[in-house]
Amino acid sequence: MAYPLQLGFQDATSPVMEELLHFHDHTLMIIFLISSLVLYIIVLMLTTKLVHTNMMNVQEMEMIWTILPAIILILIALPSLHTLYMMDEINNPLLTIKTMGHQWFWSYEYTDYEDLAFDSYMITTDSLKFGELRLLEVDNRMVLPTDLPVRVLVSSEDVLHSWAVPSLGLKTDAIPGRLNQVTLTSMRPGLFYGQCSEICGANHSFMPIVLELVPLKYFESWSASLA
């Protein structure tokens, strides 16, 4: 989860989020180098009166500053496309969950099980227990197994919502009458928090998402206890 005064991203929990972090650092370094070069040239032009007459009409220089940006764009586009295809790829998910957005709570249905469905409401401030996070805790967490591909089908019953978990690199719109899907694979157990990322109404800020990722044997015990 995010911390106060945090400037960077949350720690990656899935391979997709790791790729997103690598792409962010890669692109940020290119932008930093370009910005430094442009700033250096501007400062140089403002602080010197020297004029290089041999540089006034140089075809080679024009070729360089035309070809170099094209190369830089290719260096950005290739890893971007690689990450984009990774995010859209669905590789034989072993578990499918249907997520429905409501005003203003989430409901989850484990479609591979019979009668395994529940609603997830935010816990009000006066009902929080010691150590629980305000505006982020829910009464029923979405429990998932680790190290397994999971498909989440996202839709809405009333208005636009957005199902987002930053540490997993997930953000999918919940649109009435339309079914979106996203895949996730967690590399470690733990609690991961998200919120609705669409301005969906008066209680938009009170639709938290809590994923509890556990090893497979604990997930089977949890599902058996609810069946």
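This is a predicted model: local features need pLDDT of at least 70, side-chain atom pairs count only at pLDDT 80 or more; totals for chains, interfaces and linings use all residues.
Local features need pLDDT of at least 70 and side-chain atom pairs count only at pLDDT 80 or more, while totals for chains, interfaces and linings use all residues. Residues are numbered from 1 along each chain as its sequence is written, and side-chain values use heavy atoms, with hydrogens and water left out.

The protein chain contains three helices and 10 strands, where helices (H or I, at least four residues) and strands (E, at least two) are DSSP runs numbered from the N terminus. Their order along the sequence is α-α-β-β-β-β-β-β-β-β-β-β-α.

The C-alpha trace spans about 80 × 40 × 35 Å along its principal axes. The radius of gyration of the protein chain is 24 Å, whereas a compact globule of 227 residues would have one near 17 Å; the radius is taken over C-alpha atoms, and the globule rule is 2.2 Å times the number of residues to the power 0.38. Of the 227 residues, 32% are buried (under 20% relative accessible area; exposed is over 50%, partly exposed in between, with a 1.4 Å probe and protein chains only).

In the unreviewed UniProt entry, residues 92-225 carry the annotation "domain: Cytochrome oxidase subunit II copper A binding"; such annotations may be inferred rather than shown by experiment. This span is 7% helix and 43% strand, and its end C-alpha atoms lie 26 Å apart.

Ile 64 is partly exposed, with a relative accessible area of 49%.
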